[in-house]
Amino acid sequence: MSNKKTFTLTDNASGESWELPVMHGSLGPDVIDVRKLYAQTGCFTYDPGFTSTGSCESKITYIDGDKGVLLYRGYPIEQLAANSDFMETCYLLLYGELPSAKEKTGFEHDITYHTMIHEQMQTFLRGFRRDAHPMAVMCGMVGALAAFYHDSTDISDPKHRMVSSYRMIAKMPTIAALAYKYNLGQPYVYPKNTHGYAENFLHMLFSNPCEEYVIDPVLAKAMDVILILHADHEQNASTSTVRLAGSSGANPFACISAGIASLWGPAHGGANEAVLEMLEEIGSAKNIPKFIEKAKDKDDPFRLMGFGHRVYKNFDPRARVMREQCHNVLDALGVHDEPLLEIALELEKIALEDPYFIEKKLYPNVDFYSGIIFKAMGIPTTMFTALFAVARTVGWIAQWNEMIEDPSQKIGRPRQLFTGAEQRDYADLSKR
Ligand code: CMC
């Protein structure tokens with residue numbers, strides 16, 4: 001929405017000036033509307049990393065990085081983690097309101113009855129090497145859903161969009177578990193409709209045809225909370241990737257596959273895996289000071305994985321909830337003497353007291369604790385980011401749907417500052 005406030009942009013050389021309209025949302029800073037800037041001034045804006053650029057209008061998730069606030073459709077993440085469950089949170093993100101009891105039951109039923117994947121996808125899976133990274137399998141399998149479910153890829157039809165959205169939320173844990181079982185060389189475990197979403201995921205990861213996995217309610221609760229905490233995070237790299245891919249009219253399965261690819265990077269969802277790799281590299285609590293020094297050294301590219309955040313500059317509210325879950329899981333499993341966990345807890349303590357980390361506002365983020373919980377649960381490191389992808393799918397889908405329904409939506413097409421060669425004539429090979 002625009003208001004009467006404007007910004008004046010002046011070209012000091014010519015003295016010419018332009019009024020730039022200002023828009024304001026329901027929460028958060030005002031934004032300067034630069035949509036007509038090029039037409040009026042002949043200039044583009046320059047903002048690599050989009051640190052000052054809003055790319056869309058959204059009603060889904062709000063973050064106040066200075067205050068450590070994260071709201072899904074207005075509800076604080078702490079309240080959702082304490083009182084809600086992942087299915088209800090999915091409904092909230094997709095539809096904008098918490099469901100009634102009847103709506104909740106109906107939604108859970110619909111998701112549950114979409115959890116199986118087309119049997120032929122198992123043949124497709126067998127084309128991957130056994131040692132393939134689960135995220136590589138996820139990118140491929142989710143993209144391939146468009147080939148198996150092309151009856152729901154007409155993005156102009158709201159029913160198609162709804163069916164493909166439900167399919168992806170329902171099938172993502174099945175695909176992630178399949179990638180894991182394939183890597184292990186174990187048979188694929190079918191989803192079980194009597195289980196809830198988080199329980200079913202644990203069942204598919206840890207049961208096998210010879211032995212049913214007994215689900216510990218503390219672990220199922222922790223998994224559910226992890227899913228809630230990771231469900232959406234406004235315009236982060238993977239969500240922006242999904243929106244950008246979708247802006248061309250690409251089908252939803254292709255868009256979510258693009259989001260998975262973006263999430264894979266160690267600066268984003270890959271950080272939970274990188275945390276564990278870093279803890280292994282540290283090896284012992286006595287080596288922590290050496291690694292802290294490396295992280296502080298400007299000439300050393302090493303960073304403490306699981307610390308810092310682009311938006312949260314005081315604390316990550318998800319990390320606070322996750323820390324609590326982390327202790328619940330460690331207590332339930334009685335794994336306090338696990339060396340990597342000991343290193344993690346010692347590292348957290350030392351970094352929180354170190355002036356460098358305090359000054360730069362680098363706090364443990366959600367991925368620091370999720371890595372520790374997954375490790376304690378017995379989930380292998382390479383699966384960590386795949387679990388993040390399972391949780392974030394609903395956020396990607398809610399944002400993708402919002403974009404398709406936005407009448408002002410255009411194909412995403414950033415501009416550039418060109419610094420390459422100016423126009424020149426082609427020289428024949430003999431003259432070079
Ligand atoms: N260890 C050591 N120094 C750091 C770290 C770190 N983890 N993070 C940032 N810094 C320093 C950085 O060197 C820079 O110092 P200076 O101002 O002297 O140049 C300063 O802090 C600001 O860093 P930045 O790179 O400009 O900050 P950013 O907002 O671009 O990066 C980040 C945010 C998350 C990519 C970064 O903090 C990082 O690489 N952290 C480790 C990876 C990680 O844990 N990522 C998960 C993020 S949470 C999950 C998610 O939402 O995807």
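This is a predicted model: local features need pLDDT of at least 70, side-chain atom pairs count only at pLDDT 80 or more; totals for chains, interfaces and linings use all residues.

Residues are numbered from 1 along each chain as its sequence is written, and side-chain values use heavy atoms, with hydrogens and water left out.

**Exercise 1.** Find how many salt bridges the structure holds.

*Solution.* Start with the term: a salt bridge is a side-chain nitrogen of Lys or Arg within 4 Å of a carboxyl oxygen of Asp or Glu. The structure holds 17 of them.

**Exercise 2.** Work out whether Lys-59 is buried or exposed, and name the partner in its salt bridge.

*Solution.* First, the cut-offs: buried means under 20% relative accessible area, exposed over 50%, and partly exposed in between (1.4 Å probe, protein chains only). Lys-59 has 62% relative accessibility, so it's exposed. Its partner is Glu-57, at 4.0 Å from N to O. Glu-57 comes out at 45%, which means partly exposed.

**Exercise 3.** Say which parts the salt bridge between Glu-402 and Arg-243 ties together.

*Solution.* Begin with the contact: the closest N and O atoms of Glu-402 and Arg-243 are 2.7 Å apart. Glu-402 sits in helix α18 (residues 384–405) and Arg-243 in helix α10 (residues 237–246), so the pair links parts 159 residues apart in sequence. Helices here are DSSP runs (H or I, at least four residues), numbered from the N terminus. Finally, both Glu-402 and Arg-243 are buried.

Notes: Helices (H or I, at least four residues) and strands (E, at least two) are DSSP runs, numbered from the N terminus.
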